[in-house]
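This report describes the fold of one chain and the side that it presents to its partner. Please keep the sequence and the structure in view while reading.

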Amino acid sequence: MLYFILRRLLALLPVLWGIATIVFALMYVVPGDPARLMAGQNASAETIELIRVRLGLDRPVHERYWIFLKNLARGELGYSYRQRRPVAGVILERFPATLELALAAVLIALVLGVGAGVLAARFHGSWPDYGVMALSLLGISTPVFWLGLMLIVVFSVWLGWLPVGGYGESGEMRYLILPALSLSAISTGYFSRITRSSFLEVLRGDFILAARARGIPERRILGRHALRNAAVPLVTVVGTNLAGLLGGAVATETVFAWPGIGRAIYDAILLRDLPVVEGGVIFLAFIFVVANLAIDLLYLWIDPRVRLPGFSGAGGEP
Amino acid sequence: MSLNLRRRLSLFALLCLAAGACSSRVSPETAQNLPDSLTVFRFRISGDPPSLDPIHSVDLVSQTVVNNIFEPLLRLDPLTGRPAGALADSWEIAQDGLVFRFFLRREARFHNGRLITSSDVRYSFERLLAPGLAGERPWILMPLAGARAFRAGQAEHVAGIETPSDSVVVLRLERPFAPFLVQLSMAGASICPREEIEKAGEAEFGQHPVGSGPFRFLRWQHDNRIVLERAPGCPGPGPGAVGRVEFLVVPNISVALEKYRAGELDLLDQLPPGQVALARKRMAGELHIWPGLSVRYLGFNLTRPPFQGNRGLRQAFNYAVNKEAITEVLGEGVDVVSRGAVPPGLPGCNPGLAGYPYDPEAARRRLDEAGYPEGRGLPEITLLYNNDAADRRVCEFVQACLAEIGVRVRLKSLEWAAFLAAVRAGEAELFRGSWVGDYPDAHNFLYTLFHSSNWGDAGNYTRFADPAVDSLLDRAAGLVDEVERERIYQQVEVTVSREAPWIFLFHPGQVALLKERWRGAVFPAEGIWAFPLSLVYAGN
């Protein structure tokens with residue numbers, strides 16, 4: 001197990017280097033001068049040049065790239081051009097809000113999606129099945145920003161139950177509900193469809209037939225025998241979904257004024273705050289890869305039949 | 001698995017319980033049920049400020065907050081737009097317009113309790129000018145004698161700043177510069193406490209600012225809110241005075257409007273497109289519309305054909321565009337048709353300027369005289385704009401107007417930074433342009449936008465160059481006689497209008513919603529960012 005984790009973590013290095021290089025190159029080729037944007041329209045050429053020197057933008061590109069990589073190797077993500085403070089601080093300050101939102105959205109999607117999927121599979125070919133499929137299609141197709149606005153209109157403006165966006169002073173729960181619901185819509189749709197198809201397949205299995213023949217109650221068959229076997233494909237989808245949401249949900253974060261990482265990176269792109277873009281993307285890539293690793297490990301726990309190549313429990317070669 | 005499922009169900013149940021607990025109607029705090037000292041005012045800002053250090057406050061969001069924490073020597077009177085006392089309660093100007101003597105307010109203190117002295121003014125001004133720190137707006141103080149030498153590292157201090165006593169500051173200019181007093185009222189020229197900057201460090205000071213303004217900094221939750229409270233010794237306008245200000249970051253304007261309607265905001269700094277008519281009908285008592293300090297235009301690149309050296313063609317374009325329809329329909333009656341560059345009401349604006357009223361016949365005649373009868377022979381023109389919905393609508397309307405006289409226009413949109421880069425590099429032949437005044441003076445419009453020293457990259461994006469205009473603008477900048485200055489600017493407006501380096505479109509008006517319970521509000525021409533919160537109080 002340890003060998004497997006180490007190997008996966010080592011494989012992370014070239015991935016991060018590749019991502020860092022691509023992001024650096026992209027930010028280098030996009031038009032727009034960060035110093036000019038910072039200085040404002042009335043600034044003299046001299047002021048702009050001074051800012052350029054301060055930011056290190058006057059150096060040749062290969063030198064900037066080398067400094068960038070060197071800092072990255074030391075775990076330093078650089079300094080934000082605009083905020084004049086370490087990028088790590090900018091990112092870590094926003095990551096808890098993103099994590100909170102992503103976990104809540106996945107939790108809601110998991111509960112609603114799996115429940116709906118099981119229901120659809122159980123009543124396959126009848127109206128609950130059609131209803132779930134229609135709703136899941138609606139969830140997948142509804143633009144997040146539109147759904148967000150509708151939720152605000154209904155629950156905040158008309159009913160006055162929940163606040164209109166924001167994070168509150170200390171991230172109170174009531175601020176989380178609407179953005180999490182809005183963000184979970186697409187995932188709920190996917191989860192319900194995956195659960196349904198996976199369940200249908202499992203329910204056709206001989207072991208389910210045998211369980212029914214033994215007189216085991218249907219609820220127990222579904223909850224204990226079918227669900228665990230149907231969960232394997234779901235884990236992949238849930239894991240990648242969570243990792244994707246951790247990458248920031250720009251539309252949701254913008255609509256609900258949620259101080260997450262996606263919005264920070266989006267703003268940094270518009271303002272050409274290159275270190276924040278580079279640092280933010282690298283951080284998210286790291287999170288994504290780690291999340292994928294966690295999914296693989298989760299597989300082992302859910303389904304002991306799955307054996308990863310190279311994993312023997314004694315750390316031997318594959 | 002069943003355990004796992006039970007855990008998940010428990011979490012879901014918790015979530016439901018939490019939702020239930022929150023299902024009572026949210027009742028925002030109001031001024032009525034809070035003691036005066038805790039009267040909270042919620043102000044929407046569209047983004048997270050990059051820094052709250054005055055020398056790095058260039059964007060309007062930063063300035064909205066910084067203006068309340070810090071104080072410059074002077075402020076602009078929100079009603080008249082003229083310089084009024086702030087940290088300095090009086091001042092004298094020498095006859096030659098070169099020497100300014102400021103008398104600091106007695107007992108003026110920083111929020112840390114220390115008395116402010118003239119040496120704080122020197123320190124703050126030299127900090128803005130110091131090359132290593134690269135404050136973004138050193139030009140505010142560049143008219144000072146010795147500023148260039150100091151900036152070049154050739155002098156230890158700025159020769160033009162003298163501190164004869166703790167309460168007197170004397171500023172001497174290199175040469176007379178009429179807008180200097182107005183420039184001194186800008187956020188960048190705010191006075192800062194040296195010890196706090198040294199204690200926090202240059203970078204960190206912008207995160208925990210300490211100033212001497214009407215409100216002191218409490219906390220900043222990035223991308224969420226900034227909280228200020230009324231500073232000790234700044235009593236405000238009486239009972240109900242704003243005791244605490246919360247600047248809430250709400251990027252989406254439609255959401256901000258809903259937040260305002262739900263009572264979670266007291267002031268909304270703008271309205272989503274198409275909402276003004278509705279607000280007029282439903283929130284008339286809360287809607288405030290007032291003239292702004294900006295101009296919107298479409299700029300011709302005067303160094304590229306077909307507009308280079310072809311004034312008739314540029315005038316034809318001006319006559320062809322129905323500006324009234326733009327302001328009435330697209331601008332919802334908030335904007336004012338532009339006849340020149342200087343906004344109406346600002347000294348230097350020429351009220352007698354005819355501009356280019358919508359006249360398709362005159363446009364066709366000019367087009368004919370310019371060598372393109374009915375648009376024949378004129379290549380397709382590319383109109384570059386930034387991808388903003390309101391700008392797109394204006395550009396599409398202009399495209400339709402020009403099509404009526406036979407001119408084909410292709411619209412091209414770019415993201416803001418790429419758009420600016422293209423315009424600055426002179427790549428666009430016709431581009432969307434705008435200028436928001438840094439301070440209310442015609443110099444800030446005409447000099448920046450048409451003087452050849454700003455040619456190209458520095459603001460004069462059309463690359464307009466006229467030695468006669470340059471000479472007039474140089475002369476006006478040094479004049480102490482305000483009447484003569486105004487006359488010169490009006491003369492420049494006539495020349496610029498005749499030369500038509502722009503399609504003159506409109507001066508954007510300003511819109512805000514303010515809850516009716518707040519009294520004493522004044523909406524300054526500079527913009528909502530200069531909204532004087534210290535004057536506002538909650539009425540019954």
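## The contact between the chains

In this predicted model, 56 residues of chain A are in contact with 51 residues of chain B. Eight elements of chain A each supply at least two residues of the side that touches chain B: α2, α3, α5, α7, α8, α10, α11 and α12. The table gives the residue range of each of these helices.

| Helix of chain A | Residues |
|---|---|
| α2 | 34-39 |
| α3 | 45-55 |
| α5 | 87-122 |
| α7 | 144-158 |
| α8 | 173-203 |
| α10 | 218-246 |
| α11 | 250-255 |
| α12 | 261-270 |

By class, the side of chain A that touches chain B consists of 29 nonpolar, 13 polar and 14 charged residues.

## Chain A as a whole

Which kinds of secondary structure does chain A contain? It has 13 helices and zero strands. The C-alpha atoms of chain A fill a box of roughly 85 × 65 × 30 Å along the principal axes. Of the 318 residues in chain A, 40% are buried. When contacts between residues at least 6 apart in sequence are considered, 72% of those in chain A join residues at least 24 apart.

## Helix α10

Helix α10(A), one of the elements that supply residues to the side touching chain B, bends by about 50 degrees at Leu227(A). An α-helix has 3.6 residues a turn, so residues three or four places apart point the same way.

Key
Residues numbered from 1 in each chain as written. Chains lettered and ligands numbered in written order. Predicted model: local features only at pLDDT ≥ 70, side-chain atom pairs only at ≥ 80, totals over all residues. Helix = DSSP H or I, 4+ residues; strand = E, 2+ residues; numbered from the N terminus. Buried ≥ 20, exposed ≤ 12 C-beta atoms within 10 Å, placed from the backbone. Contact = placed C-beta atoms within 7 Å. Nonpolar A, V, L, I, M, F, W, Y, C, P; charged D, E, K, R; others polar. Bend = angle between axes of the 7 residues up to and from the residue.
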